[in-house]
Amino acid sequence: MFKALTRPRRVVITGMGCVTPLGIGRDAFWDGLVTGKSGVRRIETFDPSSSPVQIAAEVPSFDWQSQLNPKDRKHVARTVPLALAAAREALEDAQLFPNDLSLDERRAFGVELGTGGGGLAFTEQQYEYWYVGPTYKASVYTIPSSTHGGLSSELSMAFGLRGLSHIVSTGCTSSTDAMAYAAQHIALGRQDMMITGGVDAPIAPGILAGFNLMTVLTSEWNEEPQRASRPFSRNRSGMVLGEGSWMYVFEELKHAVDRRAHIYAEVIGYGATCDAYHRVRLAEDGYEPARAMRLALEDAGCEPKDIDYVNLHGTSTVLNDRIETSALKLAFDGHSARIPMSATKSQIGHPQGASGAAGLGAALCAMHTNKIPPTINLDEPDPDCDLDYVPNEAREASINTALCNCIGFGSKNSALVIQRTDR
């Protein structure tokens, strides 16, 4: 049994920042979710005409250059400015200004991020410069900027944070795992505060081609991109690649209370398992995703009846959605039919390793607006997917406790539980 959080100290969320296909900033993300907006459109960062898939969920109108010193602009992956912009918003939202912190405070402030592809798109670009030319355009920092570990270092350096600086890369579960580990570091007294969350930017020609080889992307909606991501729908035909960054400030409860911080929610439970089955596919029985959710509930001290909302992995692939539905039924016993659930990927595509962080943002949105964001494009549900996915329109609801579910390549499964707190 894997239980990550035994909490001598309580951990709360005090800041949030978002750079997303629905817009830049927390408010744009929240508004886009509850109004049922889609962030899927024709790819603009390169010409996709030669690809059978020509759509993705890109971050619109992102001024990435403003996030970087001019001399660094050619030397870092797109994930770096995405992460910096979201982290800056999260710190400002938390009313934490690193330049005002003492050295001891900055040593107790760490970074724990999740990413699936990290600098993979940057590597592709640099190899193109090298093999196609001109080679003088290739960055001298190709190696450190292509490796995942450099991503957390960029945030640590940008904000002068001298606590731990880690990257978690477990595929689609990366940011869920990273946020759980960030909470554990605080709970065990290793850090007082953490910037944590997820970032990915996998929209590049070679990466798109690789996903096409696996036949997991939909190619049927190039002319109607906003209808393309269709989790749990009878006529779903594959996922849509997405990108973005969702960052949070996690903080020890007393530390947050002492400085009178606004608290979004408390992180109360985490569970993770592996099917040990296949590089891409899930085991048909859904047992291990269900067990991850049950471990998260056990860690949180919750029963299935205590969960008011589930943010789903919901990729819009035929197999994944059906197995996730089966896993939810196993995890929540007879309570699965009454719990409202929704798939954020219907609106933002699949941001790979940032999926869990995006799902946490949706759950916080549900808690603090008393509205559950919908699963859009769910006009005709798959008969095998028969739970309450909040189809097409947001729903009024009071959310006290929520579970965020993630399922990744390599048969990895992770779940995180958050709860309102009155301190």
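Predicted model: local features only at pLDDT ≥ 70, side-chain atom pairs only at ≥ 80, totals over all residues.

User: How many cavities of 30 Å³ or more does a search of the whole structure find, and which residues lie nearest the centre of the largest cavity?

Analyst: Rolling a probe the size of a water molecule over the atoms shows where empty space is left. Here the search of the whole structure finds one cavity of 30 Å³ or more, and the largest cavity holds about 70 Å³ of space. Its lining is made up of 13 residues, with Asn311, Leu312, Lys345, Ser355 and Gly359 lying nearest the centre. Two or more lining residues come from each of α12 (345-348), α13 (355-369) and β14 (401-408), and α13 supplies the largest share, four residues. By class, the lining of this cavity divides into five nonpolar, seven polar and one charged.

User: What is the volume of the largest pocket, and which element gives the largest share of its lining?

Analyst: A pocket, unlike a cavity, is an open set of points. The largest pocket contains about 610 Å³ of space, and of the 26 residues that line this pocket, Arg78, Ala121, Phe122, Gln125 and Ile203 are the closest to its centre. The elements that contribute two or more residues to the lining are α2 and α4 (120-132), with α4 giving the largest share, eight residues. The classes in this lining are 13 nonpolar, six polar and seven charged residues.

User: Which residues other than glycine have a positive phi, and where are they found?

Analyst: Ser61, which is not a glycine, has a positive phi of about 50°, and is found in the loop between β4 (55-56) and α2; Ser61 is exposed, with a relative accessible area of 76%. Asp333 likewise has a positive phi, near 50°, in the loop between α11 (318-331) and β11 (341-342), and is partly exposed at 44% relative accessible area. Just after α2, Gln95 takes a positive phi of about 55°.

User: How many disulfides are there by the distance rule, and how far is the sulfur of Cys404 from the closest cysteine sulfur?

Analyst: A disulfide is a covalent bond between the sulfur atoms of two cysteines. The rule asks for a pair of cysteine sulfur atoms within 2.5 Å, and by this rule the count comes to zero disulfides. Cys18 is in no disulfide, as the nearest cysteine sulfur, that of Cys365, is 9.7 Å away; Cys18 is also buried, with a relative accessible area of 0%. The sulfur of Cys404 is 7.8 Å from the closest cysteine sulfur, in Cys406, which is too far for a bond, and Cys404 is buried with a relative accessible area of 5%.

User: To finish with contacts, which residues does His185 contact beyond its sequence neighbours, and which does Pro381 touch?

Analyst: Contact is read from heavy atoms within 4.5 Å. His185 has its place in helix α7 (residues 174-187) and is buried, with a relative accessible area of 11%. Leaving aside neighbours within four places in sequence, His185 is in contact with Glu112, Leu164, His166, Arg190, Gln191 and Met194. Pro381, by comparison, is found in the loop between β12 (371-372) and β13 (395-396) and is partly exposed, with a relative accessible area of 41%. Not counting residues up to four places away in sequence, Pro381 touches Phe232, Ser233 and Arg234. The C-alpha atoms of Pro381 and Arg236 are separated by 9.5 Å, although these residues are 145 residues apart along the chain.

Definitions and conventions. Residues numbered from 1 in each chain as written. Heavy atoms only, no water. Buried < 20%, exposed > 50% of the residue type's maximum accessible area, 1.4 Å probe, protein only. 1 Å grid on protein atoms, 1.4 Å probe; cavity = no way out; pocket = protein on both sides within 12 Å on 5 of 7 lines; lining within 4 Å. Points joined across faces, edges and corners; volume = space filled by probe spheres on them. Nonpolar A, V, L, I, M, F, W, Y, C, P; charged D, E, K, R; others polar.
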